[in-house]
Amino acid sequence: TALPHKYAHELHCNEVMLLPYYIASMNIEHEYGEATGGYQPFEGICLVDTFELVAEDKPYLPYFTAENTARVEKQKRTPMFVIIGNPPYNQRQVNENDNSKNRKYERMDKRVAQTYAKDSKATNKNAVSDPYVKAIRWASDRIGEEGIVAFVTNNSFVTDIAFDGMR
């Protein structure tokens, strides 16, 4: 079947936090084992901040393993046509104790400004700095002209004026 090839060469996963990284790896390996009847380590998972993958001018992962760096490099060279994810979002955090600040990503922020914010008629465009907006922008740029992006998000981009440029 095509599953062993897909698993070894075409399935990629990014996680920026260590515990979710291990959980994702175990879940993927478990499901593959259930489907094939045998264990095979998943070599497609990267411990990396996805948004930093577009920052070509900055070195990334200087303190992680050579294996992880090789996985990231392989992923960056691989064409992608389907991106599925559950990006963080914090647009409407209830209070400061939620402490979900929008981290600055120079290239991603610039891409959002050049596209979604530029095309918006809203006067307050703070909402488009939300991480899930950056994730949709990153995924759209990554797949190019043809592909599928499927994310779990809140629904504010469907009706809120700040997202008219995104729609």
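Visitor: At roughly what angle do the axes of helix α1 and helix α2 cross?
Guide: This is a predicted model, and in it helix α1 covers residues 3–10 while helix α2 covers residues 18–36. Two packed helices are described by the angle between their axes and the distance between the axes. The axes of α1 and α2 come within 11 Å, and they cross at roughly 160°.

Visitor: Which word describes α1 relative to α2: roughly parallel or roughly antiparallel?
Guide: The angle between the two axes is roughly 160°, and angles over 145 degrees count as roughly antiparallel. The crossing of these helices is also left-handed. Because of that angle, α1 is described, relative to α2, as roughly antiparallel.

Visitor: How many residues of the contact of α1 with α2 are nonpolar?
Guide: On the α1 side the contact is made by L3, P4 and Y7, and on the α2 side by I28, E29, Y32, A35 and T36. Divided by class, the residues of this contact include 1 polar and 1 charged, while the number of nonpolar residues is 6.

Visitor: Which residues does I28 touch, not counting residues up to four places away in sequence?
Guide: I28 lies in helix α2, where it takes part in the contact with α1. Its C-alpha is 9.4 Å from that of I45, a residue 17 places away in sequence. With residues up to four places away left out, the residues that I28 touches are Y7, L11, C13 and F42.

Visitor: What is the centre to centre distance of the aromatic pair of Y7 and F42?
Guide: Y7 belongs to helix α1, whereas F42 belongs to the loop between α2 and β2, so that the pair links distant parts of the chain, 35 residues apart. Both Y7 and F42 are buried, and together with Y32 they form one aromatic cluster. The planes of Y7 and F42 stand at 45°, which makes the pair tilted, and the distance from centre to centre is 5.3 Å.

Visitor: How many residues apart in sequence are the parts tied together by the pair of F51 and Y105?
Guide: F51 and Y105 form an edge-to-face pair, 5.1 Å centre to centre, with 80° between the planes. F51 counts as buried at 10% relative accessibility, and Y105 is buried too, with a relative accessible area of 13%. Because F51 lies in the loop between β2 and α3 and Y105 in the loop between β3 and α4, the pair ties together parts whose separation in residues is 54.

Visitor: How are α4 and α5 placed relative to each other: roughly parallel or roughly perpendicular?
Guide: The axes of α4 and helix α5, which covers residues 131–143, come within 10 Å and cross at roughly 85°. Angles from 65 to 115 degrees form the class that applies here. The two helices are therefore described as roughly perpendicular.

Visitor: How many charged residues does the contact of α4 with α5 have?
Guide: Among the residues making this contact are D109 and R111 of α4, and K134, R137 and D141 of α5. By class, the contact has 6 nonpolar and 2 polar residues, and the number of charged residues is 5.

Visitor: What percentage of the contacts with a separation of 6 or more is between residues 24 or more positions apart?
Guide: The protein has 6 helices and 4 strands, which follow the pattern α-β-α-β-α-β-α-α-β-α along the sequence. Of its 167 residues, 35% are buried. Among contacts with a separation of 6 or more, the share from residues 24 or more positions apart is 71%.

Definitions and conventions
Residues numbered from 1 in each chain as written. Predicted model: local features only at pLDDT ≥ 70, side-chain atom pairs only at ≥ 80, totals over all residues. Heavy atoms only, no water. Axes fitted to C-alpha atoms, helices over the stretch in contact; angles between N-to-C directions. Parallel < 35°, antiparallel > 145°, perpendicular 65-115°, else oblique. Left-handed = near helix turned anticlockwise from the far one by under 90°. Contact = heavy atoms within 4.5 Å. Nonpolar A, V, L, I, M, F, W, Y, C, P; charged D, E, K, R; others polar. Phe/Tyr/Trp six-rings, centres within 6.5 Å; stacked < 30°, edge-to-face > 60°. Buried < 20%, exposed > 50% of the residue type's maximum accessible area, 1.4 Å probe, protein only.
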